[in-house]
Amino acid sequence: MPPLITREEALELGKIEDHAEIEKLVERAWRVRLERFGDSTDLCSLVNAKSGGCAEDCGFCAQSRYASADTPMHPMMEPEQILEHAKAAEAAGAHRFCMVTQGQGLSKRDFEKILEGARLVAEHTNLKRCVSIGHISPERARKLKEAGVQRVHHNVETARSYYPEVSTTVRYEGRLRTIQAVKEAGLETCVGGILNLGESPEQRVEMAFELAELNPTSVPINLLNPRPGTKFGDRPLMDPWEAVKWIAIFRLILPDALFRLCGGRNENLGLGEFQKLAVKAGLNGVMMGNFLTTLGSDPAWDRKLFTDLGLNVWRQPDNGSNPRPDNRSGWLEGETPRTPIDDLIDSQSEAPLWNPARQLRRRKKRYVPPRPDGAPNRGLRVVQVEPERERAATA
């Protein structure tokens with residue numbers, strides 16, 4: 001479906017500052033979301049299957065070799081480790097599970113581990129399978145599909161006109177080629193970006209309309225969580241009203257996309273009502289558990305964001321014949337393992353979810369090459385909202 005508003009209308013909506021007017025916009029986006037998706041949700045979780053030492057210069061990322069930040073790293077996980085985290089994600093209530101690796105490509109050996117991890121997750125869980133492994137060729141996309149992967153994540157990160165400020169070593173056109181290869185393999189696409197990298201309101205609208213042209217199945221939106229020692233390390237957090245407003249605008253431009261909020265939501269929106277308001281602004285889901293290098297929320301809290309609005313977060317008993325919960329085709333056919341709905345966990349401490357605080361090793365860099373764009377790394381302070389459980393434990 002085409003956007004429900006024009007670029008000019010989106011720009012006018014982007015100028016709204018009055019909170020009551022933003023709430024009206026949220027109500028409009030909420031109606032659009034209910035019309036398209038009813039009470040269904042699409043909750044995902046991830047594992048950082050390989051971290052650190054990335055050769056690219058993305059200005060938001062602490063894993064970059066050009067960042068002054070300590071490198072958060074661990075080697076490629078074994079397929080059985082990936083499966084262990086997938087089972088924990090399923091117990092948390094996630095509907096899908098994404099295997100993520102740093103960099104723009106995997107060695108043949110590491111790619112085989114991703115394939116085997118996907119096969120194990122397909123065999124032993126009821127989760128839908130996603131990967132985010134950088135650039136991939138049509139041949140690799142086909143192998144991913146054969147292994148049971150259903151969706152591939154590959155962000156454009158920002159508007160094309162602002163992209164040179166974000167990365168100079170990863171070409172925007174290369175991202176588009178990967179997205180095309182994924183489509184040609186018959187896989188679903190998950191394409192989004194990050195807000196608050198310094199882009200203008202016009203560029204946010206530009207990005208949303210570019211995404212509409214790409215027509216991805218899923219659109220993940222991240223809110224910059226400034227990482228000290230990166231190019232964007234000293235940027236202020238986004239005003240929560242501003243963040244909610246832009247989520248609603250994106251929903252009106254992308255009415256049929258499965259829209260989810262991922263990294264930076266705790267830091268930018270806090271752990272209160274703004275996250276619920278963000279869900280009402282049109283979200284289908286959030287990234288449950290933890291993020292690549294930062295901590296997230298407890299599963300019960302994430303699920304409540306949706307159930308408080310009358311939405312259905314139950315996992316479905318099959319991932320084949322019934323396309324719910326996200327109303328899309330493309331799941332694997334055939335019988336799948338029983339979904340242990342009664343075994344949902346409420347706290348991260350109850351299952352081995354991916355945990356960057358415990359599993360990442362922070363290694364100081366001996367040498368940081370100058371960024372190719374000549375920009376300095378900035379930021380001195382780590383911005384991190386601690387989950388409720390950790391605050392309680394230290395109180």
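The model is predicted, so local features need pLDDT of at least 70 and side-chain atom pairs count only at pLDDT 80 or more, while totals for chains, interfaces and linings use all residues. Residues are numbered from 1 along each chain as its sequence is written, and side-chain values use heavy atoms, with hydrogens and water left out.

**Overall organisation**

The protein has 14 helices and eleven strands; these are DSSP runs (helices H or I, at least four residues; strands E, at least two), numbered from the N terminus. Contacts are counted where heavy atoms lie within 4.5 Å. Among contacts between residues at least 6 apart in sequence, 80% join residues at least 24 apart. The accessible surface comes to about 15900 Å², and 50% of it belongs to carbon and sulfur atoms; areas come from the Shrake-Rupley method with a 1.4 Å probe, and for residues only the protein chains shown count as cover.

**Cavities and pockets**

On a 1 Å grid over the protein atoms alone, a cavity is a set of points where a 1.4 Å probe fits but cannot get out; a pocket is an open set with protein on both sides within 12 Å along at least five of seven lines, and lining residues have an atom within 4 Å of a point. Grid points are joined across faces, edges and corners, and a volume is the space filled by probe spheres set on the points. A search of the whole structure finds two cavities of 30 Å³ or more. The largest cavity holds about 1000 Å³ of space. It is lined by 45 residues, of which Phe-60, His-153, Asn-155, Asn-222 and Leu-292 are the closest to its centre. Strands S1 (44-50), S3 (96-101), S4 (128-132), S5 (151-153) and S8 (218-223) each supply at least two residues of this lining. By class, the lining of the largest cavity divides into 20 nonpolar, 18 polar and seven charged residues. Here Ala, Val, Leu, Ile, Met, Phe, Trp, Tyr, Cys and Pro count as nonpolar, Asp, Glu, Lys and Arg as charged, and the others, Gly among them, as polar.

The second largest pocket holds about 160 Å³. Its lining includes Arg-65, Arg-363, Lys-364, Lys-365 and Arg-366, and comprises two nonpolar, four polar and five charged residues.

**Individual residues**

Helix H10 (residues 265-269) contains Asn-266 and Glu-267. Polar contacts (N or O atoms within 3.5 Å; within protein, one must be able to donate a hydrogen and the other to accept it, and residues adjacent in sequence count only if both atoms are side-chain atoms) join the side chains of Asn-266 and Gln-275 at 2.7 Å, and those of Glu-267 and Asn-225 at 3.4 Å.

Val-156 lies in the loop between S5 and helix H6 (163-166). Beyond residues up to four places away in sequence, Val-156 touches several others, including Tyr-163, Arg-175, Val-191 and Leu-214.

Most residues other than glycine have a negative phi. Asn-196, in the loop between strand S7 (193-195) and helix H8 (201-214), has a positive phi of about 80°. Asn-215, in the loop between H8 and S8, has a positive phi of about 55°.

| Residue | Relative accessible area | Class |
|---|---|---|
| Asn-266 | 1% | buried |
| Val-156 | 2% | buried |
| Glu-267 | 5% | buried |
| Asn-196 | 6% | buried |
| Asn-215 | 56% | exposed |

How values were computed: Buried means under 20% relative accessible area, exposed over 50%, partly exposed in between (1.4 Å probe, protein chains only).
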